[in-house]
Amino acid sequence: MQQKDVFYRTWPLRFWNWLDKRYALQEFLHALVDVPIPRSANTLYLGGITLFLFGIQAITGILLSIYYQPTPENAYGSILFIMNDVRFGWLIRSIHAWGANLMIIFCILHLLRVFVQGAYKPPRELTWMAGVLLLMLTLGFGFTGYLLPWDQRAFWATTVGSEIAGAIPLVGQAALNFLRGGPEITALTLSRFFGTHVLVLPVGLALLVAIHLVMVHQQGLADPTEPTGSPDDLLQEGAEGSRVGGSDDH
Ligand code: HEM
């Protein structure tokens, strides 16, 4: 029995060493988590919470897509089926709906934190711009998802939303037709909103989050006590020392 315990306690370690010798995993993990974090940095975990909520949305969204049917004839009925007949369907749908609101709220709080602490300043301009795109994609999730229940509220919200796009000078009509898949809201609108909601936006957001995090990783978090300083100084520091804008006191 004791021998068995020792075996179970050590074989994962031995397997890890076996893998590590072949693929330098320690080094890889070290490089992954070794991010310069100034003592004064305080992210309030807002970016991480936004990422966590995206994970929740992905899981609950996949579960909902098992029963949801993106056609005008069946969409509303499939939502009723999820709410009333599928086991825990009401819970999964409610988490998805609340999660959508929370993700937008936390994304905006994260933006405000970055703004207030001046973490958008050089050399982090591109991290900020990737963030702005992330916020657009997050709002896009909300806009496309709202139509999917295909009830009166969904239909009229999308009517108003697409009319706002239609009011853009010069390109308005083209934008409205692009959003609706024609001049009216039809089955085509529902299928393109569904495709955008479950494929285009998730893939786009996942790729962009990866780029956003690689940028954060490479530069380290900003030091809120020294947010100004000339961009050249910061870039110089990056070339000389560890990574851009990172301080050693972590
Ligand atoms: C889906 C949306 C987003 C996710 C998942 C996300 C995720 C993250 C995470 C995990 C971090 C590192 C920790 C932290 O600062 O909390 C970060 C940093 C950062 N994010 Fe975002 N972010 C998102 C949207 C945005 C938006 C909307 C902006 C601004 C327009 C933005 C700008 C930045 C900047 C400039 C940093 C570096 C902060 C620093 O160095 O202190 N992000 N993001």
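**Notes on loops and a helix**

I began with F88, which sits in the loop between helix 4 and helix 5. This is a predicted model, so I'm reading computed values throughout. I looked up the backbone of F88 and found a positive phi of about 60°, although F88 is not a glycine. Is F88 buried or exposed? I counted 11 other C-beta atoms within 10 Å, and 12 or fewer means exposed, so F88 is exposed.

Next I went to W150, in the loop between helix 6 and helix 7 (152-166). W150 isn't a glycine either, yet its phi is positive, about 55°. Here I got 25 other C-beta atoms within 10 Å, and the cut-off for buried is 20 or more, so W150 is buried.

Then I checked a peptide bond. The one joining P122 and P123 is cis, with omega at about 10°. I placed P123 in the loop between helix 5 and helix 6 (125-147).

Last, I turned to helix 4, residues 75-84. Which residues of helix 4 are buried? I found A75, S78, I79 and I82. Looking down the axis of helix 4, I saw these buried residues fall within an arc of 105°, so they line one face of the helix. What covers the buried residues of helix 4? My list includes helix 3 (46-67), helix 5 (89-116) and helix 9 (187-219).

Note on methods. Residues are numbered from 1 along each chain as its sequence is written. This is a predicted model: local features need pLDDT of at least 70, side-chain atom pairs count only at pLDDT 80 or more; totals for chains, interfaces and linings use all residues. Helices (H or I, at least four residues) and strands (E, at least two) are DSSP runs, numbered from the N terminus. The arc is that of the directions from the helix axis to the C-beta atoms. Two residues are in contact if their C-beta atoms, placed from the backbone, lie within 7 Å.
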